[in-house]
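Hi,

Here is the structure I promised to pass on. My notes follow it.

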Amino acid sequence: METSVINRLDKVVRKYPQKIILKDNTKALTFREFDETTKSIGTYLSNLVCAETPIAVMSGRHAYTPAFFLGVVRAGCFYAPIDADMPKARLNQILSVINAPILLTDKDHLKTAQELNFDGKIIVAEDILNTEIDENVLSCRASVITSVSPLYVIFTSGSTGKPKGVITSHLSLMTYIDSVAKVLNINENDILGNQSPLDYIAAIRDIYLPISFGAQTYIIPKNEFAIPTALFDTLNREKITTLCWSVAGVELPAKLNAFESGKPEYLKKLCFSGSVISNKYLKIWQEALPNVLYVNQYGPTEATASCTYYIIRDKVSENTVLPIGRPYENYKIILLNDDNTKTKTGQIGQICIGGPIVALGYYANEEISSASFIQNPLNKNYRETIYKTGDLGRFNENGDLEFHGRMDRQVKHLGHRIELGEIEETAKNIMGIDDCCAMYHKEKENLYLFYTGEASSKDIILSFRSVMPAFMVPRKIVKLDKLPVLPNGKTDMQILKQYFK
Amino acid sequence: MDELMQILEELRPDVDFENETSLIDNSILDSFDIVALVGELNDAFDIEIKPNNLIPENFNSAKAMMAMIEQLQDE
């Protein structure tokens, strides 16, 4: 049995030494070059810190960055990737939680690193790439790692305002990667197009599918997402076969009518996650590329990226409710009522996740960890940790899980129970609404709809009235140029609250 | 030009549109800004920005955007 991603890296390098693993718009790394980079960094770090130490990594959007991550792992340590583009206050918060003795950065971000409140040692990765590799030290460090050792800590926003560092083990990561690879049928001929920031959970597929299966990842320059023709040119030039993108990324080319002037000719598989995709944009993809495998994924960082998947076989229409599907192999899903009892068949309950993919908790935060990672209340006989997602789900008659919004977004309005997610889904199917967010102003008992798009508030209200009971029609309709977004791409509801009058 | 500047400033009040000439090349405007901007410009100037207009040269500066808008209005 493999104990760590190091086993995988060693194996894949022996098999495909000359093959490209990572490429960006200026350089390409072979598996051997990638591996040697990890070993040099691993050797250097091994001389400075003990195994099982957190190392913060702040490096740009380029092919070497994943090699820096794995260099940390070679030293028997775990990495906390951070995005230099985030506000400094946020970076300082993250650094204070992870309390790493070393911040590994690249040349481009040295200045940013020096401006942070960081007491530890700042190391520029490019300066240590020529470190002579010490195989003895590295094999000693590799032997310290067990499959349940931390691999990385990825920070997500906490509802309290303080970022939470989700700790993922080698076992969890490998379990997820193998499960998703089976669904997408990933092999060494696949070329992935990376969209996600490299420090974000969604990038783990782009990093670890190559390490596990010999595939290649092309890191798409960020500004190409603003220029759909450039984006499609890149996908075609690099012969990209597989995209694992956020829903926001998938919707973009459809929103900008990119399919009028071209399409990704080599694309075979498209999986997406992060939020509920709008049927009208998915339909544009399906019509332009009918033979692509479309996979809708659901899952939180705390359960290693995605825990359920749904293969979309039929063309969607306006009224399609796209399920989030079935648990990936080695994932267990249970639905619980508020009183921790099992929900009846067909009922809505809180989605809880068990199995080897459950995270090791939030870094240095026992209090919040023990509130979210709990003993399975249905199991009185032995220890079984599950993660409570705070999301609501229901198994439909086909046995597929449906997503029913956030628990904390269920409101009681004029005596009726309303899911704000449902208001949003309704609004998104109205022509002329591009994006929206429904919110509830409890004090004034007002249902708000914030939206972007061309529709007029009159159109929206008339459409709502034709499909919804009166109590579910938003009373306040606010048109915005753009919905405010958090760094993770989700809507920033705190900013929207300022519109409450 | 004033109308364009107003739209741009409402979209991204944090950006110096008077002087910036690498809005796309330096990733100052992101893809979501462009989506919003395209809709706004189409409405405000009664034009239709097509995918082949969406190239960095047309969006790197306010001046370039204005030139594109004028060209599309002539068509």
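The contact between the chains takes 18 residues of chain A and 21 residues of chain B. Two residues count as in contact if their C-beta atoms, placed from the backbone, lie within 7 Å. On the chain A side, α9 (228-237) and α10 (247-255) each give two or more residues. Helices (H or I, at least four residues) and strands (E, at least two) are DSSP runs, numbered from the N terminus. By class, that side of chain A has 7 nonpolar, 5 polar and 6 charged residues. Ala, Val, Leu, Ile, Met, Phe, Trp, Tyr, Cys and Pro count as nonpolar, Asp, Glu, Lys and Arg as charged, and the others, Gly among them, as polar.

This is a predicted model: local features need pLDDT of at least 70, side-chain atom pairs count only at pLDDT 80 or more, and totals for chains, interfaces and linings use all residues. Residues are numbered from 1 along each chain as its sequence is written, while chains are lettered from A and ligands numbered from 1 in the order in which they are written.

The model scores are ipTM 0.73 and pTM 0.82. Chain B has a mean pLDDT (the predictor's confidence in each residue, from 0 to 100) of 87.

Chain A is assigned domain 1 (5-312), domain 2 (331-405) and domain 3 (414-499); such bounds come from an automatic or database assignment. The C-alpha centres of domains 1 and 2 of chain A are 27 Å apart.

Best wishes
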